[in-house]
Amino acid sequence: MTSGYSSKAFQPPTHAGVAVPFLDIDKIIGDREIKIIICCGSGGVGKTTTSAAIALRAAEAGRKVVVLTIDPARRLAQSLGVGELDNTPRPVPMIDTAAGGSLDAMMLDMKNTFDDVVIAHSTPEKAEAILQNQFYVALSSEFSGTQEYMAMEKLGQLHSEAEANGTWDLIVVDTPPARSALDFLDAPEHLSSLLDGRFLRLLLPPARGPLRLMSAGFSMMSAVITRILGSQIINDVKTFVRAFEALFGGFRQRATATFQLLSSRHSTFLVVATPQHDALREAAYFVDRLSEEDMPISGMVINRVHTSALAISPERALSLAEDLAGASTPLEVEALRRHANLMRLIATESHQMERFASARPGIAQTRVQSLPTDVTDLVTLRRVGALLADKD
Amino acid sequence: MSPRHTLHIVSGKGGTGKTTIAGALACALATSGRRILLCEVEGRNGISELFDVSPLIGAEERRISRTPAGGVVHGLSIDAEDALIEYLDTFYHLSIAGKALDRFGAVDFATSIAPGLRDVLLTGKVYEAVRRKIKNKPNAYDAVVLDAPPTGRIAHFLNVHAAVAGLAKVGPIRNQADSIMRLLRSATTVVHLVTLLEDMPVTETEEAAAAVRPTQIRIGTVIENMVTPTPLDDRQLQAAATGSISLKVLGLTIKQNQALASEFGIEAARTLQEQHRHDRLTTLGLPLVQIAFDHGGIDEGAILSIAEQLTDQMSLEAA
C-alpha cells in the first residue's frame with residue numbers, strides 16, 4: 001500500500017526512460033490527518049538528519065511537532081537542544097513560530113523507558129524486585145530487540161500524550177540503526193513472545209495445561225540450558241518471570257496497539273537511503289517488508305546525491321586537463337580532474353538510482369543533494385528541509 | 001617486521017565501507033598459495049553481495065575468489081544458531097539434542113536471555129576457524145578476516161569475558177570464553193577501524209579506539225576510506241575554498257570557468273576538512289592507511305585496487 005503523496009514526475013528529469021514519482025514532503029506535512037512520520041533505513045544514510053529536517057520544516061509550517069531521535073550526532077543533538085540523554089521532550093530554541101507551530105526534541109533512553117514501563121504498570125514492591133533482577137538488567141540494556149521495542153513503546157506513550165492533551169499534532173520518529181532491516185518491525189513481536197513465550201512458562205513449575213506433557217523432554221532441555229548458562233541465570237529468569245507475569249499482557253497489548261497505529265492512515269513511513277548500491281539494497285528490503293506488512297509507505301528520501309552545475313563530460317574535462325598539463329596551471333588541472341571525478345560519480349549514482357526505480361516503479365523519491373558541510377545547525381537543517389521539499 | 005597476524009578484525013561505522021575493506025583485505029592477504037577465510041556475523045549477505053556470488057548458507061566455507069596473485073579467499077556467514085548446535089556437539093556430543101533444542105525455540109531463548117552468549121558463539125566460531133588444522137599444514141587457513149559489528153558495538157562484541165561474566169563461572173562456556181579472549185589478546189590478532197574523513201565517523205573511531213584499549217586487544221590500523229588525494233598545498237586549497245581564485249581554462253566560456261571555480265571551491269573546502277580530520281586521527285598514535293575514493297562504484301576491479309592500496313601501505317605479512 002502506498003499513500004497519495006507522490007504527484008508529478010520526479011522534478012529534474014535527470015535520466016531518460018524512468019519517470020520516478022516525486023515524494024512531496026510538504027504535502028505530507030500539510031496533511032493534518034498524518035500524525036506520525038517514521039524514517040527508517042540502514043546506518044549512516046542520514047536518517048537522524050532527515051527526521052530533524054522534516055520536524056523543523058513541519059514546525060515552521062505550523063505543526064506542533066515532537067521529534068524522537070535515537071542516536072543523534074552530538075553536535076546535531078546540541079543544536080536541537082537535546083545534548084543530554086534524559087528521555088524528556090524539550091523545546092528546540094530559535095525556531096520560527098510565526099505559523100503557530102512548535103518543535104520539541106527528545107533522545108531515547110532505552111533503559112529508562114523500560115524502567116518507566118515497569119514502574120508505571122506494577123506495584124512499588126514488584127517494580128523494585130524487577131529492577132533489581134540481574135536478568136532484567138541484562139534484558140533492558142543488552143537485548144538486541146530492546147532498543148527497537150522501546151522506541152515503539154516511547155512512540156505509543158508520546159502518541160497517547162498528544163491525543164490526551166494536544167501538546168503535539170505530529171510525531172517524527174527516527175528509527176534505531178537496526179542491524180537487520182527486519183528488527184525494527186519484528187522487535188515488538190520478538191520481545192513480547194520472549195516475555196510470554198512457552199519456554200519461559202516452562203521454567204515455571206508447575207507446567208499448566210497440555211504443556212505438562214512436554215515436561216519430561218523439557219527437563220532434559222532445561223538441564224542442558226543450565227549447563228551452558230549456569231544455574232544462577234536460570235534462577236534470575238524464574239524470579240523475573242514471576243514478578244513480571246502481571247505485566248506480560250500489557251506489553252503484548254501495547255505492542256499490538258502501536259503496530260495498528262503504524263498501519264493506520266495516521267502514520268506514514270519514509271525509507272531513507274543514499275545513492276550507493278548497498279544502501280539502496282537495504283532500502284529495498286525496507287520497502288518490500290513494509291509493503292508485505294501493509295504499512296503505509298510514502299516513498300524514499302535519497303540523501304547525499306551529487307550534482308554539478310557544469311555540464312561538461314568527464315572525458316572532455318580530462319582532455320582539457322591533459323592539454324593544460326604542461327602549462328603552469330595546477331589549479332585548473334586539479335579543478336578539471338575533480339570535475340571529471342564528480343561527473344563519473346554522478347553517473348554511477350544515477351545508474352544505481354535508476355536500477356532501484358525500475359525494480360520498484362511505484363515508489364516516489366525525493367533527492368537531497370550532497371552538502372559541502374556537516375549538518376550541525378538549524379540554518380543547515382532548514383536548508384535540508386527545503387531541499388527535501390524541492391523548494392531550495 | 002611485525003609478527004604475522006592470523007586474525008584481522010575489521011570494524012567501522014555504518015556507511016564507511018567496512019565490508020568492502022574487509023573483502024579487499026582478504027584479497028590482499030591472499031598472495032600466492034595462501035588460503036584466507038572471510039567471515040561475517042550479521043547475516044546480511046554482505047560478502048556474497050560484494051563478491052557477486054550466491055548467498056553463503058549454513059556452515060559452508062565456499063571459495064568466493066581466486067586472486068590474481070594466486071591465492072584463494074573463502075567466505076563464511078556465521079550464524080549463532082548453527083554455532084550453538086556445533087558447540088553442543090563438540091562439548092556435549094549433543095547434536096541431536098541441539099536440533100531438538102532448536103525446535104523448542106531454545107536456541108533463540110538461550111541467546112535472548114543471555115545476549116552475551118550470542119557474541120561468544122560468533123567469536124567462538126571464528127576462534128575455531130583460526131585454530132583449525134588440516135593434514136600437512138599448520139592451519140586450515142593462513143589468515144582469517146572478520147567483518148565485525150560496527151564501531152558502536154565492537155568493544156562490547158569482542159569483550160567476551162564481560163559477556164559471560166553473569167553466566168556460568170566454570171564449565172565449557174567459561175573455558176571457551178577464556179580461550180577466545182587469549183586468542184583475541186595475542187600478538188597474532190589485530191583490529192582495524194574503517195572510517196571516512198567526516199565528523200561522525202571520526203568521532204566514532206576515536207570512541208571505538210578508546211573502548212577497545214581496555215580489552216587489551218591490539219588495534220592494527222585506522223583505515224581512512226574514500227579519501228580524495230590532491231597534489232595541491234594548503235595555501236592553494238584555502239584560496240580555492242574561499243573563492244579567491246579565478247580559473248582560465250582555454251576552450252571554456254567565462255561562465256563555465258566560473259562554474260568550475262565555484263564547484264572546485266566546494267571540493268577544496270571538503271579536502272581541507274578531510275585534512276583537518278586526518279590530523280585529528282593522527283593524535284590516536286595509530287598507523288593510518290588511506291584508500292582513494294573510487295568514483296566508478298565498487299566492483300571486482302575496485303576491490304582489487306583497494307587490495308593493492310592496502311598491500312602498499314600495510315605491512316601485510318604475506319608468506
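In the predicted model, helix α14 (residues 330-359) of chain A packs against helix α12 (residues 254-282) of chain B at an angle of about 80°, with the axes 10 Å apart. Axes are lines fitted to C-alpha atoms, for helices over the stretch in contact, and angles run from 0 to 180 degrees between N-to-C directions. α14(A) and α12(B) are therefore roughly perpendicular (65 to 115 degrees; under 35 is roughly parallel, over 145 roughly antiparallel, the rest oblique). α14(A) contributes Ala335(A), Arg338(A) and His339(A) to the contact (C-beta atoms, placed from the backbone, within 7 Å). α12(B) contributes Leu260(B), Ala261(B), Glu263(B), Phe264(B) and Glu267(B). Four of these residues are nonpolar, one is polar and three are charged. Ala, Val, Leu, Ile, Met, Phe, Trp, Tyr, Cys and Pro count as nonpolar, Asp, Glu, Lys and Arg as charged, and the others, including Gly, as polar.

Residues are numbered from 1 along each chain as written, with chains lettered from A and ligands numbered from 1 in the order written. Because the model is predicted, local features need pLDDT of at least 70 and side-chain atom pairs pLDDT 80 or more, while totals for chains, interfaces and linings use all residues.

Strands (E, at least two residues) and helices (H or I, at least four) are DSSP runs, numbered from the N terminus.

β7(A) runs parallel to strand β3 (residues 36-40) of chain A, joined by four bridges (pairing needs at least two by DSSP). Ile38(A) stands opposite Val173(A). Strand β4 (residues 64-69) of chain A also pairs with β7(A) in the parallel sense, over four bridges. There, Leu68(A) has Val173(A) as its bridge partner.

Methods. Two residues are in contact if their C-beta atoms, placed from the backbone, lie within 7 Å.
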